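Q: Could you show me how to read salt bridges in a protein model, one step at a time?

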Amino acid sequence: MCTGKCSKFIGICLYPLALLSIICNIFLFFPDFQTIYSKEEAEGLYRLTDEIKYMGGVVGGGILVLIPAIHIHSTGRQGCCSNRCGMFLSIIFAAVGVAGALYSGIIAVVGLIRGPVCMYENEWSVVFRNEYLLKKFIERNREPENIVVFNIALFSALLVAACLELLLCGFQVLNGLFGCICGTCNHKEVCTLDTKVTSFLKVKSFIYRIYY
């Protein structure tokens, strides 16, 4: 697979991952799929963890990956043979994607460690800070209902998406570097040293004929 086709494949794979990150982050704003807690948070009450409000999935794994994905995908389009400039820019965009995936992944890990905000014994607090509180919390009724499973599922999905985005964008950095060195190719052309030497000799011969 040439560098151009590889870029196209990476770009296509990044689209659903970025969309998944955005959706998961948006759902986290509605614990147990209810809007009442977001409304109470807007009124100044403590209902959502800081990790949700950091928008790791929307900004990091979403926007900062989606924009590079568009450029990386377009870099690999058919007919982009020897587009070294595009491959060089894809390295920069892929680096931005790496930063976004790291941000999303770190926020997801912290969110999993700290746990969700919930009401226990008429007091709203973060669950996972205290093991004793967590044990008692799981044994008794709580609000929001099923918030622990809800929190773990969505933050885990964010973490998995961020890891895959990190791998794909990191690979695109290397792929873009190779594309800068030898150019890209479409389905009819192969990027090899022989073809480049042949093309160079043809151009040289043409210029020689014009002037001599």
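This is a predicted model: local features need pLDDT of at least 70, side-chain atom pairs count only at pLDDT 80 or more; totals for chains, interfaces and linings use all residues.

A: Side chains of opposite charge can pair when their charged atoms come close. A salt bridge here is a side-chain nitrogen of Lys or Arg within 4 Å of a carboxyl oxygen of Asp or Glu, and by this rule the count comes to 4. Residues are numbered from 1 along each chain as its sequence is written, and side-chain values use heavy atoms, with hydrogens and water left out.

Q: Which residues are linked in a network of salt bridges?

A: The network joins Glu41, Asp50 and Lys53. Lys53 meets Glu41 at 2.9 Å, N to O, and this pair links distant parts of the chain, since Lys53 lies in helix H3 (residues 50-53) and Glu41 in helix H2 (residues 36-42); helices are DSSP runs of H or I, at least four residues, numbered from the N terminus. Lys53 also meets Asp50 at 3.6 Å, N to O, and both lie in helix H3, 3 residues apart, about one turn of the helix.

Q: Is Glu41 buried or exposed?

A: Glu41 is buried because its relative accessible area is 17%, where buried means under 20%, exposed over 50% and partly exposed in between (1.4 Å probe, protein chains only). Lys53, at 35%, counts as partly exposed.

How values were computed. Helices (H or I, at least four residues) and strands (E, at least two) are DSSP runs, numbered from the N terminus.
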